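These are my notebook entries on a structure that I am reading for a new reader. I set down what I looked up, entry by entry.

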Amino acid sequence: MNVEVWWARVSDARPELADELDGAEHGRLVAYARDEDKARFLLGCAVARRVLGVHLLLPPDQVKLDRTCPDCGRPHGKVRTEGMQLSVSHSGDLVAVAFHPSTPVGLDVEVIDPKIDADSLATVSLAEVETKELARYEPAARARAFTAYWTRKEAVVKATGHGMRADLRKVIVSAPDQPAEVQEWHGYDGPVQLVDLEAGSDYAAALAVLAAGDLTVHSIDAAPLLSSGSAHRR
């Protein structure tokens, strides 16, 4: 199984990319107060639309994306489209989008903030066994370890569609210094593969795929696709 993960940076954002957004996306874009938040959202939309345009043989502005939240009906849920499974994540300077033609995927990337209170965050997001493992890390390394836990769990619940509704304390994953793996999740018994992604020393990132078997991840720089005038070929 091959999964594509396309990466962009905030510096890749260009005002003309907004011409490819639909009405709901434009509304969300202008609602952001900070320029960096606008850039991250714009890039997530643009990468999704341009890559899908290549795969589906459509202009980016004609790609139909559905973000309807299953709980409230507002357009902020997991992005969906016909003919492709995808997942979008962004943090700091990075924006990433994962794609597979048929298998659900979940992607999460996070800046590692050394100032976070990892112990407090652990009480609402880690299982008891994970909290004990986290305590083994020196304080200077604890933020990195916690962020590894977080991205792995977020990737899994994004892939399954549980998202914010999931109790992350019930999604038990391997220790940060071990290969990524879902070890236990009561209430979900489907196949799931979990891998850490290389995103630079200041980030943690993980990808979850709801299928068994061999998995190959292709990391692709989105900058050339975003800078081109046409997204019909790559």
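In which strand is serine 87 found? I located serine 87 in strand β2, which covers residues 85-91. The model I am reading is predicted, so I note its conditions: local features need pLDDT of at least 70, side-chain atom pairs count only at pLDDT 80 or more, and totals for chains, interfaces and linings use all residues. Residues are numbered from 1 along each chain as its sequence is written, and side-chain values use heavy atoms, with hydrogens and water left out.

Entry on serine 87. I found serine 87 to be buried, because its relative accessibility is 2% (buried means under 20% relative accessible area, exposed over 50%, partly exposed in between, with a 1.4 Å probe and protein chains only). I then listed its contacts (heavy atoms within 4.5 Å). Beyond the neighbours within four places in sequence, serine 87 is in contact with Ala96, Val97, Ala98, Val105, Gly106, Leu107 and Lys158. For alanine 98, 11 residues away along the chain, I noted a C-alpha separation of 5.2 Å from serine 87.

Entry on isoleucine 172. I placed isoleucine 172 in strand β5, residues 171-173. Its relative accessibility is 13%, so isoleucine 172 counts as buried. Leaving out residues up to four places away in sequence, isoleucine 172 touches Ala127, Val129, Glu130, Lys153, Glu181, Val182, Gln183 and Glu184.

Entry on leucine 57. Is leucine 57 buried or exposed? I recorded leucine 57 as exposed, because its relative accessible area is 70%. Leucine 57 sits in the loop between α2 (35-56) and β2. Leucine 57 is not a glycine, yet its phi is positive, at about 60 degrees.

Entry on aromatic rings. I searched the whole structure and found three aromatic pairs. In one of them, the ring centres of tyrosine 32 and phenylalanine 41 are 5.6 Å apart and the planes stand at 45 degrees, so the pair is tilted. Here rings of Phe, Tyr and Trp (its six-membered ring) pair if their centres lie within 6.5 Å; planes under 30 degrees apart count as stacked, over 60 as edge-to-face and the rest as tilted. Tyrosine 32 is partly exposed because its relative accessibility is 25%, whereas phenylalanine 41 is buried because its value is 6%.

Entry on the chain. I counted six helices and nine strands in the protein chain (DSSP runs numbered from the N terminus, helices being H or I of at least four residues and strands E of at least two). Along its principal axes the C-alpha trace spans about 50 × 35 × 35 Å. Of the 234 residues in the protein chain, 46% are buried. Among contacts with a separation of 6 or more, 60% join residues 24 or more positions apart.

Of its 17 lining residues, Arg144, Ala148, Pro176, Tyr203 and Ala204 are the closest to its centre. Two or more lining residues come from each of α5 (139-160) and β8 (203-209). The largest share, six residues, is given by α5.

Key. 1 Å grid on protein atoms, 1.4 Å probe; cavity = no way out; pocket = protein on both sides within 12 Å on 5 of 7 lines; lining within 4 Å.
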